[in-house]
Amino acid sequence: MKSIDYYRNREQTYLKHFFLERYLERVGFNICSFRDDFVYVDGFSGPWKSRDEQFEDTSFMIAIKELRKVREGVARLGKRPPSIRCVFVEKGPKAFNELQDAVRGITDIEITPIPGEFEEVIPQIGKAIRQSFSLVFIDPTGWTGFGLKRIVPILEHRPGEVIVNFMFDFIRRGFGVSFDALFGGPDWDASMTEDETIQLYSKRMKAAGRFDHVTSTRILNPTSDRTYFYLVYATRHWKGLLEFRNVK
Ligand SMILES: C[S@@+](CC[C@H](N)C(=O)[O-])C[C@H]1O[C@@H](n2cnc3c(N)ncnc32)[C@H](O)[C@@H]1O
């Protein structure tokens, strides 16, 4: 991925992309060492605020590059190269056109771009995942568009894992707004502390997807000591938990 200089004034995005790249490298390799199929789903794929003509500062391009490395790494072990596929969802028509143009020439990885709102295209995503192992990345611009009840079929998919960019800063500022859809019920209220909020979301996500483990990592706002967002990670395997915690 691009260096941090490239992400000036977008340091949070740099941290998110850094994390995604490292985690994909680890989980992709682990999964593809014993399975021959892996699907990466980016539910809010962009491009968004990209400054690079080749889109190398976007999550979808970072993922494609990383997944190629995973496939080569597995092949070096003398194993049959795994089938690695990507599903990219984007609701903005202009961004979707850019996404389509950017991935059109890619033939070594099967890519399914889906236009529309994540919650609305859950059946199409499910069809594209088929029976493969799926890693679903949910990276919204706010707190809407991934209501827990609406996305249950994706959360429940087995084998599979989910990473959510949980924008705590938006929730802190969103007094008077209903977060019922986000939490999949009316349990959250504005008196809750940050820790209680993230614990509640993790608990709801664990139940909705029947996951064994849900954990999170806190990303601080670089210009203050406050939280900017959490990456919430749901898995059914202790090894995934270990890899997630070890990303540095
Ligand atoms: C924060 S950006 C994420 C960009 C990308 N994941 C990255 O890191 O490079 C969110 C993207 O999701 C799109 N989006 C917003 N709401 C959406 C929804 N409900 N369904 C699908 N895409 C959505 C926006 O147009 C935007 O491109």
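A backbone N or O atom of F118 sits 2.9 Å from a nitrogen atom of the ligand, which makes this a polar contact (a pair of N or O atoms within 3.5 Å; within protein, one must be able to donate a hydrogen and the other to accept it, and residues adjacent in sequence count only if both atoms are side-chain atoms). A backbone N or O atom of K91 also faces a nitrogen atom of the ligand, at 3.2 Å. E90 uses its side chain instead: an N or O atom there is 2.7 Å from an oxygen atom of the ligand. The protein covers 93% of the 600 Å² of accessible area that the ligand has on its own; such areas come from the Shrake-Rupley method with a 1.4 Å probe, and for residues only the protein chains shown count as cover. In total, 18 residues surround the ligand, and the closest are H17, S59, E90, F118 and D139. To be counted as near a molecule or strand, a residue needs a heavy atom within 4 Å of it.

Before going on, keep in mind that this is a predicted model, where local features need pLDDT of at least 70 and side-chain atom pairs count only at pLDDT 80 or more, while totals for chains, interfaces and linings use all residues. Residues are numbered from 1 along each chain as its sequence is written, and side-chain values use heavy atoms, with hydrogens and water left out.

Now for the sheet. It is an open one, with 7 strands in the order β3-β2-β1-β4-β5-β7-β6 and mixed pairing. At the edges are β3 (110–115) and β6 (213–220), each of which pairs on one side only. From one strand to the next, the twist averages 15 degrees. As for the labels, helices (H or I, at least four residues) and strands (E, at least two) are DSSP runs, numbered from the N terminus, and two strands pair if DSSP finds at least two bridges between them. In general, strands of a sheet pair through backbone hydrogen bonds, either parallel or antiparallel.

Let's look at β5 (residues 160–166). How many of its residues are buried? The count is 7 of 7, where buried means under 20% relative accessible area, exposed over 50%, and partly exposed in between (1.4 Å probe, protein chains only). In a regular strand the side chains alternate between the two faces of the sheet. Here G160, V162, V164 and F166 point one way, while E161, I163 and N165 point the other. β5 pairs with β4 in the parallel sense over 5 bridges, with I138 partnered by V164. With β7, β5 pairs in the antiparallel sense, also over 5 bridges, and there V162 has A234 as its bridge partner.

T217 belongs to β6, and its bridge partner in β7 is L231. T217 is partly exposed, because its relative accessible area is 25%. Leaving out residues up to four places away in sequence, T217 touches F19, F229, Y230, L231 and F244; contact means heavy atoms within 4.5 Å.

α3 (residues 93–104) lies across β2 (83–90) and β3, running at about 170 degrees to β3. α4 (residues 122–129) touches β1 (37–42), β2, β3 and β4 (133–138), and its direction makes about 170 degrees with that of β2. These angles run from 0 to 180 degrees between N-to-C directions, with axes as lines fitted to C-alpha atoms, for helices over the stretch in contact.

Is W188 buried or exposed? W188 is buried, because its relative accessible area is 15%. This residue is in the loop between α7 (180–183) and α8 (194–209). Its side chain makes a polar contact with the side chain of T197, at 3.0 Å. Beyond its neighbours within four places in sequence, W188 is in contact with I171, F179, F183, T197 and L200.

Finally, a few backbone details. The peptide bond from G46 to P47 is cis, with omega near 20 degrees, and another cis bond joins R158 and P159, with omega about -5 degrees. R130, in the loop between α4 and β4, has a positive phi of about 55 degrees although it is not a glycine.
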